[in-house]
Amino acid sequence: MTPSTGITPKFQPEIPPTLEELEAQERRLVLTRFTHDDAWALGSLLVELARERRAPVAVDIHRAGQQLFHAALPGSTPDNDAWIARKRRVVERYGSSSYLVGARFRAKGSTFEESSRLDPDTYAAHGGSFPVNVEGVGVVGAVTVSGLPQLQDHRLVVEALEEFLNR
């Protein structure tokens, strides 16, 4: 055991990705197909990653208006399902991740809530929902996580999509 110095370590906030980094993620994370079995595999991978971290999240995957996967892990609540729906609607409307949409508004000196003219009870440009983009087809759905701070929700989905693509 190391002796205490009596100094409280300084909190280091996470550095959010730039617009360019977020846009590069979307260009990179394109699938060749997305079947029901793929949704199950991706959703199961997300649950596995969340369980390893004891993350109190809900996971949801939609394609073409149909829910293909949903899991609620210990510590998640019905509020997470409401956040999932609101974040997913942003992806469906804008064709980009919910985090990127919010970041684009912030980069213009505003917020999504102030400038989108959309009902904040229906749409939330907070991190955690990412487009399911199929090569040659476009955005066919969304994979969404809710339960962590928005940047961590976003990063968990990106990590799972990267691992899924590398399998």
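Strands here are DSSP runs of E of at least two residues, helices are runs of H or I of at least four, and both are numbered from the N terminus; two strands pair if DSSP finds at least two bridges between them. Opposite Leu31 stands Val134 in strand 4. Residues are numbered from 1 along each chain as its sequence is written. In this predicted model local features need pLDDT of at least 70 and side-chain atom pairs count only at pLDDT 80 or more, while totals for chains, interfaces and linings use all residues, and side-chain values use heavy atoms, with hydrogens and water left out.

Strand 4 also pairs with strand 5, in the antiparallel sense and over 6 bridges; Asn133 stands opposite Val139 in strand 5. The hairpin of strand 4 and strand 5 has 3 residues between the strands, and Gly136 in this hairpin takes a positive phi near 80 degrees. Strand 4 is largely enclosed by the rest of the structure, because 5 of its 6 residues are buried (under 20% relative accessible area, with exposed meaning over 50% and partly exposed in between, for a 1.4 Å probe and protein chains only).

Strand 5 (residues 138–146) pairs in turn with strand 2 (residues 58–63), in the antiparallel sense over 6 bridges. Within this pairing, Ser146 of strand 5 is the bridge partner of Ala58.

Axes are lines fitted to C-alpha atoms, for helices over the stretch in contact, and angles run from 0 to 180 degrees between N-to-C directions. The axis of helix 6 comes within 11 Å of that of helix 1 (residues 19–28), and the two cross at roughly 35 degrees. Leu22, Gln25 and Arg28 of helix 1 make the contact with His154, Val158, Glu162 and Leu165 of helix 6, contact meaning heavy atoms within 4.5 Å.

Helix 2 (residues 36–52) has 17 residues, which at 1.5 Å a residue should span 24 Å; the end C-alpha atoms are 24 Å apart, in agreement. The expected span is 1.5 Å times one less than the number of residues. Buried residues of helix 2 include Leu42, Leu45, Leu46 and Leu49. The buried residues of this helix pack against strand 2, strand 3, strand 5 and helix 6.

Gly95, which follows helix 3, has a positive phi near 70 degrees. Thr77 is placed in the loop between strand 3 and helix 3 and counts as partly exposed because its relative accessibility is 39%. Thr77 and Gly147 are 70 residues apart in sequence, with a C-alpha to C-alpha distance of 8.3 Å.
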